[in-house]
Amino acid sequence: MSRLLYFDCFSGISGDMVLGALLDAGLPFDELKRALGSLAVSGYHIHAARVLRAGVSATKFTVHDHGHASDEHGHEHRHHDDHSHAHAAGHPHRTLREIFALIDTSALSAAGRDRAKALFQRLAEAEAAIHQMPVEQVHLHEVGALDSIIDIVGAVFAIEWFGADRIVASPLNVGGGTVQSAHGLFPVPAPATVRLLGAAPVYSGTVQKELVTPTGALIVSSYAAAFGPLPAMTIEQVGYGAGDNDFASTPNVLRVFVGRPTAASSAGERVVVIECEIDDMNPQLFGAAMDRLYAAGALEVFYVAAQMKKNRPGTLLTVVAPPDRREALSEVVFRETTTIGLRYSETDRECLQREIVSVQTPIGPVRIKVAWRGGRLVNAVPEFEDCAALAAEKNLSVKEVQALAAKTFDPRQYTEPSGGRAS
């Protein structure tokens with residue numbers, strides 16, 4: 001069965017919060033320490049402890065630097081400003097090549113090492129773009145301290161350990177106010193965080209602190225397949241990873257749900273629905289608009305007659321599509337129709353498992369579209385084009401061929417799709 005992870009980022013996300021939450025949800029600490037290999041040996045050790053955040057019990061993951069008296073406080077302070085204090089604390093600036101060499105000393109799988117390197121490549125590219133310099137010259141002083149390297153490498157291992165097939169995250173509370181960086185005082189979210197967040201949905205709540213760090217933005221934007229509300233799932237474990245602050249108003253924790261998608265979500269998917277009404281367009285253009293919309297990635301396009309303002313008859317255009325096609329399809333709607341506005345919303349849809357099988361009728365082969373739900377056959381419909389072609393060839397009516405195909409089809413031969421049931 002597939003496994004789903006949901007990151008609830010109502011109080012932001014950072015690298016140490018990710019590890020705290022996943023440890024809290026069942027990741028064995030010794031396994032994490034083993035995977036980090038020599039990263040957590042020289043001059044450092046890692047620690048996980050139970051703490052309270054606004055009365056909620058959570059796991060705080062910490063990297064202790066043996067070279068400084070105020071280890072824990074210094075580390076925690078760096079994590080909320082983890083792009084400002086690395087150099088001040090005496091950590092060396094590291095190039096991408098040096099960080100890759102460190103990752104190779106970890107005990108991650110080959111795929112995990114590649115994933116960790118890809119994360120740092122993204123980080124370096126973001127830094128290079130902000131500072132207008134070549135990637136190979138970037139010294140990752142912002143997240144180049146070993147504690148943050150441990151956070152990222154540890155997160156890669158932890159997510160791999162859970163074996164998640166899909167990761168979803170809530171919109172991200174980035175916090176507010178300002179943050180001190182090596183380059184001066186910046187508004188929250190800091191430039192590196194903004195660039196790493198990409199298209200992830202964000203908002204600012206009542207807490208005026210930096211809640212999403214560059215490390216947190218990097219991890220969640222790289223792993224989350226989607227952002228939105230809690231998907232339909234059965235919850236097997238829940239973990240709380242503590243942040244550095246203890247706000248009175250809300251728990252400063254990252255919450256992670258670990259579980260299985262329910263039938264509704266495993267068979268379902270998110271789609272965007274785009275709609276507009278049109279009352280002033282040449283009817284000949286509707287066919288061309290539909291063709292262009294399908295060519296641009298629409299899943300469904302349909303027209304419905306509508307009575308509009310000023311008592312005009314009009315047409316309601318509805319387009320159903322994958323969410324990432326919304327911009328392209330909106331462009332087609334504006335280009336190919338006369339509408340001057342549209343609306344859209346995201347929703348869930350559920351589709352039956354389906355495949356095409358062929359049956360040999362007494363007059364020739366006919367394809368049948370069969371559909372299952374939960375392993376049970378619920379629909380079997382002869383393909384109209386096949387029936388129409390045979391009807392013309394044999395001088396029969398289409399409905400006679402349809403009846404013959406339906407009679408020939410034996411549902412007992414098709415108890416489950418050839419690819420197996422979707423879990």
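1. Two strands count as paired if DSSP finds at least two bridges between them. Keep that rule in mind for this predicted model. Strands β17 (residues 364-373) and β18 (residues 376-382) run antiparallel, and six bridges join them.

2. Now step back to β16. This strand covers residues 353-361 and runs antiparallel to β17, with nine bridges joining the two. β16 and β17 form a hairpin, and two residues lie between them.

3. Which residues pair with K369? In β18, the bridge partner is V381.

4. Next, the helices. Two packed helices are described by the angle between their axes and the distance between the axes. For α5 (residues 110-131) and α8 (residues 214-223), the axes come within 11 Å and cross at roughly 120°. The two helices are therefore oblique to each other. The crossing is right-handed.

5. Which residues make this contact? R115, L119, R122 and L123 come from α5, while L218, S221, S222 and Y223 come from α8. By type, four are nonpolar, two are polar and two are charged.

6. Last, a loop. P229 sits between β9 (226-227) and β10 (233-242). Is P229 buried or exposed? Exposed, because its relative accessibility is 57% and the cut-off for exposed is over 50%. P229 and Y6 are 223 residues apart in sequence, yet their C-alpha atoms are 9.2 Å apart in space.

Note on methods
Residues are numbered from 1 along each chain as its sequence is written. This is a predicted model: local features need pLDDT of at least 70, side-chain atom pairs count only at pLDDT 80 or more; totals for chains, interfaces and linings use all residues. Side-chain values use heavy atoms; hydrogens and water are left out. Helices (H or I, at least four residues) and strands (E, at least two) are DSSP runs, numbered from the N terminus. Buried means under 20% relative accessible area, exposed over 50%, partly exposed in between (1.4 Å probe, protein chains only). Axes are lines fitted to C-alpha atoms, for helices over the stretch in contact, and angles run from 0 to 180 degrees between N-to-C directions. Angles under 35 degrees count as roughly parallel, over 145 as roughly antiparallel, 65 to 115 as roughly perpendicular and the rest as oblique. A crossing is left-handed if the near helix is turned anticlockwise from the far one by less than a right angle, and right-handed if clockwise. Contact means heavy atoms within 4.5 Å. Ala, Val, Leu, Ile, Met, Phe, Trp, Tyr, Cys and Pro count as nonpolar, Asp, Glu, Lys and Arg as charged, and the others, Gly among them, as polar.
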